[in-house]
Amino acid sequence: MKCPMCEKGILKKGKIKETMFGVYLGEFPAEICGSCNESFTDEKTTRAIEKAAKKKGIWGLGKKTKITRTGNSLAVRIPKEIANFLNLKEGKEAYIHPERDKIIIEPENL
Ligand SMILES: [Zn+2]
């Protein structure tokens with residue numbers, strides 16, 4: 001089968017190492033493009049990945065949030081699921097910096 005992404009490569013059966021939010025979920029069967037390296041999973045595997053993510057407690061951790069104004073700065077609300085996952089507490093210090101078009105927030109690990 002031809003790759004639907006690049007339309008050049010041929011898909012071959014293989015295995016992918018799946019991670020979500022930096023957490024390793026395991027190896028899963030996938031069709032991998034020999035040209036662009038894009039991988040495709042069937043519905044059964046997609047559900048297995050979802051199940052693995054739920055087991056690790058990370059399913060649905062990616063959320064929309066709103067940027068609000070506080071004085072001269074802007075504030076980002078951190079959803080409580082993410083706060084719990086990272087054990088963030090009010091008053092804790094964090095290092096914030098841009099990464100191209102993203103913002104990285106690194107809580108201090110104490
Ligand atoms: Zn491709």
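Begin by selecting Glu81, which is partly exposed, with 15 other C-beta atoms within 10 Å. In this classification a residue is buried if 20 or more other C-beta atoms lie within 10 Å of its own, exposed if 12 or fewer, and partly exposed in between, the C-beta atoms being placed from the backbone. Glu81 is found in helix 2. Helices (H or I, at least four residues) and strands (E, at least two) are DSSP runs, numbered from the N terminus.

Two conventions apply throughout. Residues are numbered from 1 along each chain as its sequence is written. The model is predicted: local features need pLDDT of at least 70, side-chain atom pairs count only at pLDDT 80 or more, and totals for chains, interfaces and linings use all residues.

**The whole chain**

Now display the complete protein chain, which has 2 helices and 7 strands. Along the sequence these elements follow the pattern β-β-β-α-β-β-α-β-β. The radius of gyration of the protein chain is 19 Å, well over the 13 Å that the globule rule gives for 110 residues, so the chain is more spread out than a compact globule. That radius is taken over C-alpha atoms, and the globule rule is 2.2 Å times the number of residues to the power 0.38. Along its principal axes, the C-alpha trace spans about 55 × 30 × 25 Å. Of the 110 residues, 4% count as buried.

Colour the chain by domain: the assignment gives domain 1 (11-55) and domain 2 (67-107). These bounds come from an automatic or database domain assignment. The C-alpha centres of domain 1 and domain 2 lie 29 Å apart.

Select residues 11-20, which are strand 1, and residues 23-33, which are strand 2. Strand 1 and strand 2 pair in the antiparallel sense over 10 bridges; two strands pair if DSSP finds at least two bridges between them. Within this pairing, Ile16 stands opposite Phe28 in strand 2. The two strands form a hairpin with 2 residues between them, and Phe21 in the turn has a positive phi of about 50 degrees.

Strand 2 and strand 3 run antiparallel and are joined by 2 bridges. Ile32 stands opposite Ser39 in strand 3. The hairpin of strand 2 and strand 3 has 5 residues between the strands, and Asn37 there takes a positive phi near 70 degrees.

What is the strand order of the open sheet of 3 strands? The order is 1-2-3, with antiparallel pairing. Strand 1 (11-20) and strand 3 (39-40) are the edge strands, each pairing on one side only.

Next select helix 1 (residues 43-55), which packs on the sheet and touches strand 1 and strand 2; its direction makes about 170 degrees with that of strand 2. Axes are lines fitted to C-alpha atoms, for helices over the stretch in contact, and angles run from 0 to 180 degrees between N-to-C directions. Helix 1 has 13 residues and reaches 18 Å from its first C-alpha to its last, close to the 18 Å expected at 1.5 Å a residue. The expected span is 1.5 Å times one less than the number of residues. Helix 1 is followed by Gly57, whose phi is positive, near 75 degrees.

Move to Leu88, in the loop between helix 2 (80-85) and strand 6 (94-99). Leu88 is partly exposed, with 15 other C-beta atoms within 10 Å. Leaving aside neighbours within four places in sequence, Leu88 is in contact with Ile78, Ala83 and Pro107; two residues are in contact if their C-beta atoms, placed from the backbone, lie within 7 Å. Leu88 and Thr45 are 33 Å apart, C-alpha to C-alpha.

Finish with strand 6 and strand 7, which run antiparallel and are joined by 6 bridges. The bridge partner of Glu99 is Lys102 in strand 7. The hairpin of strand 6 and strand 7 has 2 residues between the strands, and Arg100 in the turn has a positive phi of about 55 degrees. Is strand 7 (residues 102-107) largely in the open or buried? Of its 6 residues, the number buried is 0, so strand 7 lies largely in the open.
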